[in-house]
Structures are given as structure tokens and as C-alpha cells.
Amino acid sequence: MPPNTRIPRRTFLKAVAVTAGTAGIATALPTGSAAASGGSTGSTEDLAEEHAGDRGLLIDLTRCVGCGRCVDACKAENELPWREDQPARGPDAVLASANWSVVRSEGRVGADGEPRYVKTQCMHCLDPACASACFVKALHKQDNGIVAYDPTICVGCRYCLMACPFSAPSFDWDATFGRVTKCDLCDERAERGEPTACSEACPTGAITFGSRGELLEEAHRRIAERPDRYVDHVYGEREVGGTSILYVSDVPFEELGFATGLPTEPLPSYTWEISQLIPPTAAGLGLTLIALYARRRQVLRAHEASEAGATEMEART
Amino acid sequence: MSGGSVQHAPIRGRWGFGFTWVRLVLFALGALGVLAITYRLIFGLGVATNLNDDWPWGLWVWWDVLTGVALAGGGYSTVLVVNFLGRERYRHIERAACLTSLIGYLLVCGGLGLDLGRWFNAWRPLVSWGYHSVMFELFICVSGYTIVQVIEFLYVFDERLPLPRIVRTVLSKIYVPVLIVGVVLPFLHQSALGSLYVIAKGRLDPLWWSMLLPLFFLVSSFYVGPAMVTVENFLSAHAQGRRPPIDVLSGMVRFAGKLMTWYLVLRVGDLAVRGILPRVWEGSVQSQLLLLEVVVGVAVPAALFLVRSTRRQPFWLATGGALAVLGVALGRANVVFTAMADSAHGATYVPSLVELAVTVGLISIGILAYLFVVENFPILTKEEAAEATSHVVERTMLPAPLRPRPSYAASARPRPAARPSRGRRAEVRVRRSPPSG
């Protein structure tokens, strides 16, 4: 909304300087920080190498009998209530505010006509979409590989829920000030150098705890030893750039309710491709506008001058 | 500035805000909305809304944020066209467009704030920069642009209620940077609303997921500007008993029509390049809604805008404007709801009554705010304001039964009886009399 005033030339020049300066800072900022955050632009191989020492789990679906001890242990470790509206076991088991880890049973899908059980929790991606989506860094990937959450700075926008391809984060809808909830790979136990509660509780050896690099080797070793038994796919090796939770199975993953068809590039890299265009676009746009405005001012000046001349002529006659 | 070529004036000479039945209803809806907001703030999102883990975003994100920001795009596009591209004839409607935009953004901030589960942390992004998140860009740009628009409004405010000298001095010095930032920021966040969904590649239907989402959102926000200004002009002209400026509007929508053609080419080209164009004819709910969005919401209004004979007829002009606006709203809904449906694990989402009450309440408050400002601040041109004055001042009064003392009783026209029904009929007659200005 324009005022009916004229702008002094000096103000205009200052405007040019300020806009150009801001654009410059904006350009410098995210570029520098991108290098610091790493990951976002790295290839899957680089990511795997970088995160070989990360805390992880290998879940062997051929060994799971669906006893649910891991769920009990998780609930006890994290002091989570059992809620009737949030089944943690059975066919309807679903990750929710009180369910950080569940065991879902999948009908009689095996070649043997037996059901299969899928332990599900946060996948702890190597380059997590949720952390990249979080605009206050309430979610971030720790050095030990855990995707951790800090409720004290979380704004509660739930963009992380939208971004996660595995639907892992949940929101505590019932609270007045709900928080995001998900598996933290037993962060407190990690500080004491202990494995996760779920892997410790597993009686059949279906959950192996270790570093991601070792677990990946172990997964490939099992597949190579029994190629007749296992599907030749380590789920989590390449999905969205790789995850710290890995699965091997004798039933194709798409039949077990896994998110399949995911890209092998980390999801944040898609956003990044666009985001890095923003600073130059803003700077270019700002400069274009300044140029347009300057040109327009000249036209208006000329117009005003000729009008003033005309008025003078009238006055003389 | 050549702003001097257009003189603005408030509709009312003295401060005031009359009431009609419509405005009373809006007030009631607004009050209901405030109640619903209080309820949501006290009891939390779970009780107040039907959102869930599979549908973390719903009505408020669709309407109050995505659609609200797009429809408020008439402000920055008009500023760009008038002040930077030098199309002086649109200066006519600049202030009205900017006012709609300002109120729109204030509502967006309100709606966005309510959607935050932990809103007391809303200041955190200022110190904890999640710069890699599109949401961060959105937060900075939307709040920054809202402040810019408030500053822009101060120039208008000053014409009605003179500001302290120091404020005026500052305002006169920062005018150009404010104007420039006020165009750059919307460009960024209009596209950011599209980028927001790029990371949801694992969940969004490929019919909508595209790396070009930010471009689609940007271009559609730009062309919906003129369409929204058209709709808004028709509505307010009707309410204020003046003729909508068909010449100005038809010029604007012609430009919109050209942009929409480009948009169509981009959308179809994108589907073709990604090899899923055949899916458009698969007959699923998704494909049908996509067709509805693109054909009825873009192609048809684009045609109405591009053909000279239709865009100069008030009926077709208004129809085209309304279709383009609805098309953008449907386009946003398709991204928020239709494209997410398959990845929601069978869960459904229907907005709760509280969610509806909040959205309807915010819209009502916005309309009332617009009416108040237009009547009391120099938004319309002098001629438009004069045309509206007699009409609005006569009409915007409490409905007869609620009116303490009919203020037009003193007018020359004698009223046959004091019965309310007659009174209202008398009012109608006054309204139909030619404007005295």
C-alpha cells in the first residue's frame, strides 16, 4: 500500500544495499551449514561407511515366534502404559504414543502356512527425514546413530509424522501439550554401554544388537549361508539411504506390510535440491525488483518533469 | 511515487460499524470460533480434533494454512504488477487486495498457531535454526511477511489517524525496502508450501508428488491472486452497492489466464515426463479428483479468462474467478488429503465440529475485520467510496427489531408504521434509491 510520498534517492540506495547484503548472508548461511550437517548430499555407500559404527539392530523374521517379550521389555524400560486402544501385539498392532515397539502378526504368509511376526519400531535412518523436517532441531541424529527427540524445544507441528516414510513417530494426542513419541534405541542404556531392552529380552535370537556395519555383514552372511531360505534383500540396507535397523526374512517384504518401493536416496536430499535454490533465487529476485523499481522511478521522474513543464506553460499563457 | 494519481477515502466520514443480519451471523460464528479455540487450547488436539497418527495434518493445514496463504496471494501479485511492472491502472484495487492479504495472513498465523501441539515453544525457531527444514523457511517468511504487511498498512493507517512524527520519519525511510521484501518473501514461502510435501515422497501419491511441487504452488498462488481479487471485488461491490471495476478486473484475469495456460502445460508435462500420464484415465478416486482439479479448476477458468467476450461479461468473469479459486482450494486439498489417503493405513479423517467451528470462526472474523477497515480507512478510491457511502451507511444498521432508534427516521421519507417488518421494507426502499454521492 503506497503512501503518497516520494522517496529520497539516499533511502533508495540504502534499500539496495540492505537487500543485497541480506541476500548475500542468506546465500552463505545454508551452504556453510549443509557441509556441517553432512549426509544430505552423500551417496548410500558413503552413508553406510560413515555410519558403520552406529548403534543398530538386526531383526531376523525367520526366528521370531511372536512371543512379545520385546514389547514387554520396551514398555517396562520406557515406563509406557498398556492401552486397549493401542494394541501392541497381534494383527492390529500399531506404533503409537504408548507403543514404541510392537510385534505385528501377518496372517499365514509363509511357505509353511505359518504366520510371520514383524517387530516394528523407529528405523533410525542414516539420514532421517524427520530430523531434516524438524524446524527447531528437536529431532536429531546423534553421533551414536540414535535419532533422538527433545520435547523441551519441540513446537508440536508434526511435520516429522508427515515426513517419515515408515510412519514411526507418533503424537501424544491426549495431552494438552502433546509430544512426539518414538523408539530412542534405549538412549539411556546406550550411555551405560548396554544393548537395547528389546534385544536383551528376545528368547529366540531374532533381535541381534550391534554396530550397523557388523550387523550388515551378519545379515549378508545369513543370506549367503541359506540362500534357499532367505529372501535376497536386507531391508534397511538401501531404503531411503539406509537405516540402523535391518531386517532379513524368508517371506518377501511387500507381503509383510513393509513400506516397499522407497527410493534409495535419502529423502532429505530431495528437499535439499530445492532448498539450495532458494538463496540465489531470493537474491536474484531482490536485485531484479531493485532494477525494475529504479527504472520505473526514472520513467516517473521524466513524466513528472514533463507535467510540471506543461503546468508552467499553462501558467504563462 | 505516483500514488498521488489515485486518491483513497474511507466509506464512512466518522468512525462506525453498522450491523446487518449477515454481520450478526458472522459475529455469532466468530464468537463460536473463539469458544472452540479456547476449548482446543485447554483440552489439547486429541479431544478437539479428529487428527491422528495417520492423519497428522487436517482441515486447519489445508484451509487455514495452504489455501489461506494461496488465496491471500492477491496482495503480493498486485504490488508486483503495480509498483514494479508499472501497470498503474491496477493501483485502483491495490489497497483492497493488500488488505485482503494482510487479514488472510493474520488468520494463517492464528490457524497455524492453533495447530501447534506445543505452541508455547513457537518462539524456539528463532534461536534453534532448523534451516534444513522447509518449515523453517515457511516460518521465517510467513511471519516476516506478516510484519511487512502490518508496516505497509501503517501508511494507510497514518492517513486516517496520524502517527507520531518519529514513526512517520522511519516509515518514509523504509518504504522501498519494505516494498521489495514484501514481494521476495511471498515468492519464497508460496513455493515453500509446495516444497513442504516433497519430503513426503514415501507417502504422497505420485500423481501429485513431484519435484516441481514448489513451482506448481508458486504459479497457482500467483494466478489465483487476480481470481481472488475478482471474487472479492464482486462480493464487496455487491455488499457496498457499487459496480465492480470490470475493466480493471478483466485486464488482470487475462494475465491470470496466460499464467494458467503455462501452469497446465507444466502439470501435464510433468505427469508425462514421469510416465504416469496414463494413470489419469485409470478411473480411481485419485485420478478423478485430479481431473476435476485440472480441468474444472484450471482449464475452464483459463478459457473464460482468455476469451475476450467472456471475461468482459460480469457473470462469466465472476464464474471464472470463483472456479479458479475453488480449483486452487481443491488442488491443495488433493495434496493434503487425496494424495495421502493410500498411505494412511486405512485410517480415515473427517474434521471434528471443533475444527470446523475454528475455521468458520476465523473466516467470519476475517470478513468482519475487512468490512470494518474498508468502512473506516482509506482503502477504496474516492469515487468508489463515495458510491458506497450512502448505501453502506443506510444499510449497515442493526436489523429493525434490534435497533435502538432508527437513525434514518429523520430522513425526508416518512415511514408508514413503526412495525419492524414495515421498517425493513422501508430500508429496502432506501437501499434501492440512487446513491446521492
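**Before the views.** A residue is called partly exposed when its relative accessible area lies between the buried limit, under 20%, and the exposed limit, over 50%. With a relative accessible area of 38%, B:Arg168 is therefore partly exposed. Please keep in mind that this is a predicted model.

**Figure 1. Chain A as a whole.** Chain A has 317 residues, and buried ones make up 53% of them. Its secondary structure comprises 10 helices and 10 strands. Of the contacts in chain A between residues at least 6 apart in sequence, 59% join residues at least 24 apart. The accessible surface is about 14,400 Å², and carbon and sulfur atoms hold 54% of that.

Figure 2. Look for the buried residues A:Arg212, A:Leu215, A:Leu216, A:Ala219, A:Arg222 and A:Ile223. Seen down the axis of α8(A), these residues fall within an arc of 125°, so they line one face of the helix. An α-helix has 3.6 residues a turn, so residues three or four places apart point the same way. The buried residues of α8(A) pack against α2 (44-50), β1 (55-60), β9 (207-211) and β10 (245-248) of chain A. On the face turned away from the buried side you will find the exposed residues A:Glu214, A:Glu217, A:Ala224 and A:Glu225.

**Figure 3. Where chain A meets chain B.** Here 67 residues of chain A are in contact with 79 residues of chain B. The size of an interface is often given as the accessible area lost when the parts come together. Between chain A and chain B the buried area is about 6,700 Å², with 66% of it from carbon and sulfur atoms. The two chains are also linked by 2 salt bridges. A:Arg296 forms a salt bridge with B:Glu88, and their closest N and O atoms are 2.6 Å apart.

**Figure 4. Two salt bridges within chain A.** Side chains of opposite charge can pair when their charged atoms come close. One pair is A:Glu77 with A:Arg189, whose closest N and O atoms are 3.2 Å apart. A:Glu77 sits in helix α3 (residues 69-78) and A:Arg189 in helix α6 (residues 187-191) of chain A, 112 residues apart. A:Glu77 is partly exposed at a relative accessible area of 28%, whereas A:Arg189 is buried at 7%. Another pair is A:Asp250 with A:Arg116, at 2.7 Å between the closest N and O atoms. A:Asp250 lies in the loop between β10 and α9 (267-275) and A:Arg116 in strand β4 (residues 116-121) of chain A, so the pair ties together parts 134 residues apart in sequence. The relative accessible area of A:Asp250 is 23%, making this residue partly exposed, while A:Arg116 is buried at 9%.

Figure 5. In chain B, B:Arg168 forms a salt bridge with B:Asp158, their closest N and O atoms being 2.9 Å apart. B:Arg168 belongs to helix α7 (residues 165-195) and B:Asp158 to helix α6 (residues 134-160) of chain B, and the two are 10 residues apart. B:Asp158 is buried, with a relative accessible area of 15%. Over in chain A, salt bridges that share partners join A:Asp60, A:Arg63, A:Glu218, A:Arg221, A:Arg222 and A:Glu225 into one network. Over all chains, the structure holds 31 salt bridges.

Notes:
Residues numbered from 1 in each chain as written. Chains lettered and ligands numbered in written order. Predicted model: local features only at pLDDT ≥ 70, side-chain atom pairs only at ≥ 80, totals over all residues. Heavy atoms only, no water. Buried < 20%, exposed > 50% of the residue type's maximum accessible area, 1.4 Å probe, protein only. Helix = DSSP H or I, 4+ residues; strand = E, 2+ residues; numbered from the N terminus. Arc of directions from axis to C-beta. Contact = heavy atoms within 4.5 Å. Areas by Shrake-Rupley, 256 points an atom, 1.4 Å probe, with all protein chains shown as cover. Buried area = accessible area lost by both parts, 1.4 Å probe. Salt bridge = Lys/Arg side-chain N within 4 Å of Asp/Glu carboxyl O.
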